[in-house]
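Good morning, colleagues. Please take a moment to look at the model on the screen before we discuss it.

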Amino acid sequence: MQLSTVIPVYNEEESLRALHQELDAVASAEGYELDIIFVDDGSSDQSWQVIESLAADDPRVQGIQLRRNFGKAAALNAGFEAARGELVMTLDADLQDDPKEIPRFIDKMNENLDCVSGWKQVRHDPWHKVGPSRVFNWMVGRLTGVKLHDHNCGFKCYRREIFDEVRLYGELHRFVPVLAAARGYRVGEIVVDHRARQFGHSKYGVYRIVKGFLDLLTVFFLTGYGQRPQHLLGTIGLLFFGTGAFLLTAMTAWWGISRLDSNVENNLHLTERALFFYSLGSALLGVQFMSIGFLAEMLTAYQSDPSRIFSVRKRIGGDAPPTPPTDQDTRPALQHPAVTESTTADEGDDAPPSTVNESPAA
Ligand code: UDP
Ligand code: MG
């Protein structure tokens, strides 16, 4: 079975040799046809020199050096483009992800899944990372319907065909399972061993929480409403416009009635009522939401690629080009001779759902 590992590297010179050795040990024990793709994301230390020397000694090692630091999603994308394996695994370069878990990912993939995400149940990270991460995972589950415990985990396994359809940009790498599930791919998770960082330091600070939340909103919009933006924007717009228009009409009627009163003291002056301005604001906001919704619909109508509105699992008969087997009945089991005993480690009371493929919130 051919397996490509994609490893984003940003200033990880001390870890790379050890990681290569660990990957090599797993591949020889399990008989994998492995390629190891290190993507140097503009490191300023000796990471690239280490990658060059590893590639010189081992033909399975490929190196890709980006011109500057483009971020983890870009580095992963560069690696996915080069990956040729039937399966693609991503793992961090800092030795926090243990390559010994790879056979368990592959066992899990054999449960007819297209993507398996790692779950660092016991984490070796500071509290200010672990706490917000829990909240974040819960929110992603609520908003997208993909209930994984650990969306941020860099240790994941994919069938390569996913990358023909899922486009990554910005920092959306942590949402690949969500983007894939939205296209009907089956997603699951396993508990993985997580180790403390031995060398260097984390590349992310607290600001990641804000960026992660904004990305979550984007993914919620793209997966749920990317093909029908007005359903979201128009609903919000109608609510605001409806409320504003109703109140303005009611207040105008009230104004008219108050004019019939001969006592001028009782006349209503709309400009003296705060509610009048709130209603006006609400009606205007509503119209704006709907106008943006129409613009978004125009973009979708004229720009969207027809092949992106669906995803084909199989074709049969006709002149259809043969599709790769992507279902359990036609797909051969992924082979790896030795099966480790730790395969059942994720089956406890707290075990994650084996498949999570609900469609995103509509
Ligand atoms: N990384 C990268 N580009 C960046 C930041 C990080 O390629 O701009 C890599 C980094 O070298 C590591 C992985 O992404 O292999 C995860 O980074 P880190 O360990 O700092 O994240 P954490 O474990 O703290 O979430
Ligand atoms: Mg790390």
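This is a predicted model: local features need pLDDT of at least 70, side-chain atom pairs count only at pLDDT 80 or more; totals for chains, interfaces and linings use all residues.

Which of the 17 residues around ligand 1 come nearest? They are P8, Y10, A93, S202 and K203; a residue is near a molecule if its C-beta atom, placed from the backbone, lies within 6 Å of it. Residues are numbered from 1 along each chain as its sequence is written, while chains are lettered from A and ligands numbered from 1 in the order in which they are written.

Within the shell around ligand 1, β1 (2–9) and α3 (72–82) each supply at least two residues. Helices (H or I, at least four residues) and strands (E, at least two) are DSSP runs, numbered from the N terminus.

Let us turn to helix α1, residues 16–30. At 1.5 Å a residue, its 15 residues should span 21 Å, and the end C-alpha atoms are 21 Å apart, which agrees; the expected span is 1.5 Å times one less than the number of residues. Buried in α1 are L16, L19, H20, L23, V26 and A27, whereas R17, A18, Q21, A25 and S28 are exposed on the other side. Buried means 20 or more other C-beta atoms within 10 Å of a residue's own, exposed 12 or fewer, and partly exposed in between, with C-beta atoms placed from the backbone.

Finally, strands β2 (residues 33–40) and β3 (residues 61–65) pair in the parallel sense over five bridges; pairing requires at least two bridges found by DSSP. In this pair, I37 stands opposite Q62 in β3.
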